[in-house]
Amino acid sequence: MTGAALAAMSDVAVATPLFVDSLLDFLDPGTLASVFVDGLSKAALYVMITAGLTLIFGLMGVLNFAHGSLTMIGAYAGGLVLVVLVSDSTGSVARIGAFFAAVAVVFALLAVAGAGIEMKLVRPLYDRNPLYQILLTFGLTLVLDELVEIIVHFYGIQPTHEWQAAMATKPAFLTATYSLLGLSVVGLDLFEIAFGVLTVVAVWAFLTRTRYGLYIRAGSEDSEMTEALGINVRRAFTVVFGLGVGIAAVAGVLLAWDVTWGASVPLAAETLLPAFVVVIVGGLGTFRGTVAAAIIVGLVDATMTWWFQNVVDFPGLPEMTIFLILVVMLVVRPQGLFGVAEVGGH
Amino acid sequence: MTLLEVDDVHTYYGQSHILEGVSLTVEAGETVALIGRNGVGKTTTLRTILQLTAPRRGSVRIRGEDVTGLGTHDVARRGLGWIPEDRRMFSELSVEENLRIAVKDTDRVGGKLAHAFEVFPDLEQFRDKKAGALSGGQQQMVAIARGLVGDNDLLLVDEPSEGLAPLIVETVAESLRRVSSDTSLLLVEQNFPLAMDLADRFYLLDNGQVVEQGSTDDVSREDEQIRRHLSA
Amino acid sequence: MTALRSYLRRRVVLVALVAFLGAYPGLHNLLVSSPVGTELALVLPRVETMVSVFYFGLFAMSFDFVSGYTGYLSFGHAAFFGTGAYTVILVANGKIPFLASSTPFMLSLLLGAVLAVMLALLIGAVSFRLSGVYFAMITLGFAQVLYVFVRNWDYLSSNPRDGMSVLEHPAGFEVGVPGIDALNLQIASADFVGETISMGWIQLSAAEVSYYMVGLVVLACYLAMRRALRSPFGRTMVAIRENEERARAIGYDTFRYKLGAFTVSAFFAAIAGGLFAGYARSVTPENTFFFLVSGDALLAAILGGFGTLAGPLLGRLFHESLSEFLSDQAGGPHIDVGQLGLLPYLRQTLGESTLATELYNGFTVGEFVEVFVNGHESLYLGVLFVLFVFYVPNGLLGSVQDRLGGTVGSELPAAVRRLWGRYRTELPTTIRRLWGR
């Protein structure tokens, strides 16, 4: 046996108890609880960036590649509203008010824009191979990202870094750390969890408690039969596309405050990829699946972040694990957690 | 005024010519059977009437109004209901939701549902159950009830007895009879005695064309002409 | 001799194109130093640009080989491009066990391709159980796992996020027959690394040498892929695209054919990546393993023509020419000849007074040009791409083929012959008529 191999063996021998120690550290109730809260806040963001994608795919079978770009536009647009409304002297409560004003404005604007995109651009392609819808929305991302870059650059804002002015409109109590049952929690994490829950409840209520939601659930199952019952499914397509885009943009407003994301042009790709992972893991087009998948991916992300920060010296660990979840899920259960078992239906 | 007029329609699936000039009429209050072997264009005729598959030539008129080329939902809004082959339940939706979505007069959803459960009392107990979990016969009931709550003047019924046990078929026939007191039916049915029993008139389809028509009173299965077209 | 002649006749379009490309560097120099040189330099792609059109075009062709011909969208194709690229630089830096940094480039190119084939077998064996969106997503997933991995693995370089450069191999990489010095020429983007040639009236810069050597490899790869597509194997691939159920019913083991096509395509994708790394001498995760690299291949394939093999190269030429046209760069060996992009050109030709003219509310022409021309090729490319999706869904080459009713290589000469035949019979009468008898 060579010396190098021996050295490697002894490395393993040293590493094993180290791993056990770390595992015990991780299983400490305090650590677990804080990882859990962190995971839930990540899950809230994941569910927000994915909900619109799921709704659109569920009803229309369109995989919207422009989804991330619309989140990015939402981040900038929301940031703009916040920067305009908030000054240094604005109080904390007023800042939260400004946030919800930004959410309302951005949702309304982008939902209308989304409906427009559906009517003018996506609709003519329904009769063609679904590939062309992917191609169209992919082309849209190129245009949208570059347009935003031009505009942002023109106003002297750095397009590749987070927009600090928007970040700075966050009220102080969200950046503070609180101790809650012996647990230290960042205010923004709690805010994100609350906002995520609110979004899930709102979308769920819309789907199950309104007549339009009924149309959408029926249309996702069998659009021809729905039409034959006298319901204009094409109009439902437009509404859902608008809604989906609106929710994506609202997610962007929330991200504009989060230090690990922030409004920037690369945010488009940074949110698109995890959104794909969540939507596939949950089962394409099922809202229930998306919520479950977002929680799983959020918790795994938080767990891996802890392991990277404390044990494994590999910064890519959380991100790599997320994509591994995608791959493993597609191997083990391609239809996703709550999807219908027809592989490659679309 | 004639409720439905189908006038010389030609329908294609891609390159294949399925309907080669079909004409038929349904009057208000009538039950009309559309019979013929498999693959002669019966289902396509129903799809053409609903504009699910638009005809390339010819026209479909409802109460004299030309609906050719309209969207399917617009045709359905003019009082047409579809009870398709295989029922096509929304299997993830509850029975009640399946009925609720079929109500066209949205101001009177509650009353319509109550009426449906009156006509089909057996369905009441499954109200909150997912439609996908029901048996074939129960699903057929829901499908017929879906046609009922939509205030339709004409129901296009496709193979309602297919795949059901004889005893169940009798129940289905009974409910169709009950529904037909309020609305007209255009009934596609392989079960010849059942079709003749339910219908006032019939059209016999072969190779995308109407080859025989008349009143069901003076038709027997032994009729040479009909036997030739019904046997494979 | 007759065999050769008939071979050439059957491939007259290919031969003509290769001849044109062979003459292009000289032609380019000639045209750029002509009186309208400044304008021509604006439109004609530089030789350096053409090198990247070649290697990236090869990558786009390899993507088309599997996606355009079997219908399975390989959205993680960048993984193979990256494998080829990283292998070349790792070998050159002595980071691969048992391989010296002096290992011939052609061998490390081949090694990268073999590694890519192994990776493709692994990914494909799992992924081809799926189809449609699911297939695209799982290949994307695999590629992103690798992307994150190479971005963070500090064995690769001191700062893996910024990629890595060639550190221990100062000379340009040699393309040719390994072991025979006379049959090798070095490739590199800069004169001080690569090889220049000066023989009598032939003067070739390093970029021009690279143009020929990279071009040769790409040509060989193209011919190999074309051969494969015209074999029974290729016809089965198309049968799978048209109707997989039927192909299976006839008795084809479609899984093996798909996997085969995938590995062949991975092989050539890695060659393309290796050529890129050899030419550019530094790589980053963003320009190799990232999913937008696959996106660029898709872009080229759609612009040029999906399922036409040569189309993607054309599409990439289109892409690169456009970005060069819109770039604000003024560099490279031809700087003396004229500016390259539209922006410097406009700045020069419009003059101070025009640039200062106010358009709207204090927004001047100069600012307008800065804002909308300054390197924003993605914007215009995106618009063009969307227009293509609507109006030219079969791409440039695909549309030409549709018009001709077959591949350009087989149909163009026939069409020209037909036209010429008609011309020959009609011309005399036309002339006579024009002369008034």
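## A walk through chains B and A

Chain B holds 8 helices and 10 strands. The model is predicted.

Begin with the overall build of chain B. Its C-alpha atoms fill a box of roughly 45 × 40 × 35 Å along the principal axes. The radius of gyration is 17 Å, and a compact globule with 232 residues would have a value near 17 Å, so the two agree. Of the 232 residues in chain B, 53% are buried. Contacts tell of the fold as well. Among contacts in chain B with a separation of 6 or more, 68% join residues 24 or more positions apart. The accessible surface of chain B comes to about 9,800 Å². Carbon and sulfur atoms account for 44% of that surface.

Now turn to a sheet in chain B. This sheet is open and has 6 strands. Their order is β6-β7-β8-β3-β9-β10, and the pairing is mixed. Which strands stand at the edges? They are β6 (80–83) and β10 (209–215) of chain B. Each has a single partner strand, so one side of each is left without a neighbour in the sheet. On average, neighbouring strands of this sheet are turned by 15 degrees against each other, direction ignored.

Look next at one pair within the sheet. Strand β7 of chain B spans residues 154–158, and strand β8 of chain B spans residues 184–188. The two run parallel and are joined by 5 bridges. In this part of chain B, B:Leu155 stands opposite B:Leu185 in β8(B). Helix α6 of chain B, residues 166–180, lies across β3 (31–35), β7 and β8 of chain B. Helix α6 runs at about 150 degrees to β8(B).

An unreviewed UniProt entry annotates "transmembrane region" over several stretches of chain A, including residues 43–63, 70–87 and 93–113. How much helix does the model show over residues 43–63 of chain A? The chain there is 86% helix and 0% strand. The end C-alpha atoms of residues 43–63 are 21 Å apart. Over residues 70–87 of chain A, the chain is 89% helix and 0% strand. The end C-alpha atoms of residues 70–87 are 27 Å apart.

A:Asp88 sits in the loop between α3 (67–85) and α4 (92–122) of chain A. Is A:Asp88 buried or exposed? Its relative accessible area is 80%, so A:Asp88 is exposed; the cut-off for exposed is over 50%. A:Thr169 is 81 residues apart from A:Asp88 along the chain, yet their C-alpha atoms are separated by 8.2 Å.

Terms used
Residues are numbered from 1 along each chain as its sequence is written. Chains are lettered from A and ligands numbered from 1 in the order in which they are written. This is a predicted model: local features need pLDDT of at least 70, side-chain atom pairs count only at pLDDT 80 or more; totals for chains, interfaces and linings use all residues. Side-chain values use heavy atoms; hydrogens and water are left out. Two strands pair if DSSP finds at least two bridges between them. Helices (H or I, at least four residues) and strands (E, at least two) are DSSP runs, numbered from the N terminus. Axes are lines fitted to C-alpha atoms, for helices over the stretch in contact, and angles run from 0 to 180 degrees between N-to-C directions. Contact means heavy atoms within 4.5 Å. The radius of gyration is taken over C-alpha atoms; the globule rule is 2.2 Å times the number of residues to the power 0.38. Buried means under 20% relative accessible area, exposed over 50%, partly exposed in between (1.4 Å probe, protein chains only). Accessible areas come from the Shrake-Rupley method with a 1.4 Å probe; for residues, only the protein chains shown count as cover. UniProt positions are given in the numbering used here, feature names are shortened, and annotations may be inferred rather than shown by experiment.
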